[in-house]
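Q: I have a model open on my screen and would like to talk it through. Could you take me along it step by step?

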Amino acid sequence: MTAHDELRLLPWTGPDGKPCYLSTDDQGGYVSRLADHIEAFQLGMASQLLEHSHQVLDDETEDPEELNLLAAQLTSALRDVLRVATSRGRTAVGPGHP
């Protein structure tokens with residue numbers, strides 16, 4: 001997933017909210033496999049949440065609490081997906097990005 005001498009952005013942050021990186025050439029190592037599994041889970045959850053958001057919006061709900069919760073969940077999922085994309089080298093890292 002990462003080229004030689006590159007750091008891999010992990011799909012979690014440290015206790016202070018700062019990004020965590022992995023430096024290794026061993027893509028089959030424990031931490032690399034754990035990161036792969038977490039990324040797959042995050043992408044799956046984002047996909048399910050997207051389907052759920054269509055249902056909520058199709059119902060034309062006017063419940064502000066439900067819409068607020070949906071917005072918070074979508075924000076979290078988007079953050080996870082951007083982190084995965086950055087980790088896999090498919091997007092540039094810039095200000096405001098992980």
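This is a predicted model: local features need pLDDT of at least 70, side-chain atom pairs count only at pLDDT 80 or more; totals for chains, interfaces and linings use all residues.

Q: Is Arg 8 buried or exposed?
A: Arg 8 counts as buried, at 4% relative accessibility, where buried means under 20% relative accessible area, exposed means over 50%, and partly exposed is in between (1.4 Å probe, protein chains only).

Q: And how far is Arg 8 from Gly 89, C-alpha to C-alpha?
A: Their C-alpha atoms are separated by 9.2 Å, although Arg 8 and Gly 89 are 81 residues apart along the chain.

Q: Which salt bridge does Asp 36 form?
A: Asp 36 forms a salt bridge with Arg 8, and the closest N and O atoms of the pair are 2.7 Å apart; the term stands for a side-chain nitrogen of Lys or Arg within 4 Å of a carboxyl oxygen of Asp or Glu. Asp 36 lies in helix α1 and Arg 8 in strand β1 (residues 8-13), so this pair ties together parts that are 28 residues apart in sequence. Asp 36 itself counts as partly exposed, at 29% relative accessibility.

Q: How many salt bridges are there in the whole structure?
A: A search of the whole structure finds three salt bridges. In another of them the side chains of Arg 8 and Glu 39 meet, at 3.1 Å from N to O, and this pair links distant parts of the chain, with Arg 8 in strand β1 and Glu 39 in helix α1, 31 residues apart.

Q: What about Arg 88, which residue does it bridge to?
A: Arg 88 forms a salt bridge with Glu 39, with the closest N and O atoms 3.2 Å apart. Here Arg 88 sits in the segment after α2 and Glu 39 in helix α1, the two being 49 residues apart. Arg 88 is partly exposed, with a relative accessible area of 27%, whereas Glu 39 is buried, with a relative accessible area of 0%. Through shared partners, the salt bridges join Arg 8, Asp 36, Glu 39 and Arg 88 into one network.

Q: What does Ser 87 touch?
A: Ser 87 lies in helix α2 and counts as buried, at 8% relative accessibility. Not counting residues up to four places away in sequence, Ser 87 touches Arg 8, Leu 9 and Glu 39, where contact means heavy atoms within 4.5 Å.

Q: Changing topic, at what angle do the helices α1 and α2 pack?
A: Helix α1 (residues 30-58) and helix α2 (residues 64-87) pack at an angle of about 145 degrees, and their axes are 9 Å apart. The axes are lines fitted to C-alpha atoms, for helices over the stretch in contact, and angles run from 0 to 180 degrees between N-to-C directions.

Q: Which residues meet there?
A: On the α1 side they include Glu 39, Leu 43, Ala 46, Leu 49 and Val 56, and on the α2 side they include Leu 67, Leu 70, Leu 74, Ala 77 and Ser 87. By class, the contact has eleven nonpolar, five polar and three charged residues, with Ala, Val, Leu, Ile, Met, Phe, Trp, Tyr, Cys and Pro counted as nonpolar, Asp, Glu, Lys and Arg as charged, and the others, Gly among them, as polar.

Q: And where is Cys 20?
A: Cys 20 is found in strand β2 (residues 19-22). Leaving aside neighbours within four places in sequence, Cys 20 is in contact with several residues, among them Arg 8, Leu 10 and Trp 12. Cys 20 and Leu 10 are ten residues apart in sequence and 5.5 Å apart in space, C-alpha to C-alpha.

Q: Last one: in what order do the elements run?
A: From the N terminus on, they run β-β-α-α, and of the 98 residues of the protein, 24% count as buried.

How values were computed:
Residues are numbered from 1 along each chain as its sequence is written. Side-chain values use heavy atoms; hydrogens and water are left out. Helices (H or I, at least four residues) and strands (E, at least two) are DSSP runs, numbered from the N terminus.
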